[in-house]
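Please look through the sequence and the model shown below before reading on.

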Amino acid sequence: MGNSDEGFPYYGIVLLLLSCVVGTGISYSGWYCRSLVSATTYTLVGVMNKFLTIIGNVLVWDQHASPTGLAFLFLCILGGAMYRQAPMREQPVAYSPLPTTAASK
């Protein structure tokens with residue numbers, strides 16, 4: 001492949017620009033997702049997505065988490081699967097002041 005004037009190969013520049021576009025897309029999709037769900041749900045989704053990374057690590061490399069670490073990971077995944085958003089509070093009821101009586105003499 002040819003080189004650009006700066007000494008970088010063209011395919012390297014193309015990959016860099018493609019990486020920037022993909023990264024920007026991931027960022028915008030993250031903000032869009034955050035606008036649709038609560039902060040807790042968004043955080044939970046992010047933590048649950050790390051599970052795929054750990055599975056890939058276990059399948060590809062020979063140095064990975066210990067069995068104890070994987071057991072705790074499974075516990076976290078189980079907790080995430082059982083998570084349910086708390087019900088929304090009802091609108092507060094407008095209270096009227098209690099009637100007062102004049103003090104006896």
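The structure contains zero disulfides, a disulfide being a pair of cysteine sulfur atoms within 2.5 Å. In general, a disulfide is a covalent bond that joins the sulfur atoms of two cysteines. Two cysteines may be described by their accessibility. C20 counts as partly exposed because its relative accessibility is 44%, and C33 is also partly exposed, with a relative accessible area of 27%. Here buried means under 20% relative accessible area, exposed means over 50%, and partly exposed lies in between, with a 1.4 Å probe and protein chains only.

The model is a predicted one, in which local features need pLDDT of at least 70 and side-chain atom pairs count only at pLDDT 80 or more, while totals for chains, interfaces and linings use all residues. Residues are numbered from 1 along each chain as its sequence is written, and side-chain values use heavy atoms, with hydrogens and water left out.

The chain has three helices and zero strands, and its elements run α-α-α from the N terminus on. Helices (H or I, at least four residues) and strands (E, at least two) are DSSP runs, numbered from the N terminus.

Two packed helices are described by the angle between their axes and the distance between those axes. The axes of helix α2 (residues 39-60) and helix α3 (residues 67-82) come within 10 Å and cross at roughly 145°. Such axes are lines fitted to C-alpha atoms, for helices over the stretch in contact, and angles run from 0 to 180 degrees between N-to-C directions. Which residues make the contact? On α2 they are L44, M48, F51, I54 and V58, and on α3 they are L70, L73, I77, G80 and A81; contact means heavy atoms within 4.5 Å.

Helix α2 also holds T41. Is T41 buried or exposed? T41 is buried, because its relative accessible area is 17%. Leaving aside neighbours within four places in sequence, T41 is in contact with Y83 and Q85.

For the chain as a whole, 6% of the 105 residues count as buried. The chain exposes about 9,800 Å², of which carbon and sulfur atoms supply 68%; accessible areas come from the Shrake-Rupley method with a 1.4 Å probe, and for residues only the protein chains shown count as cover.
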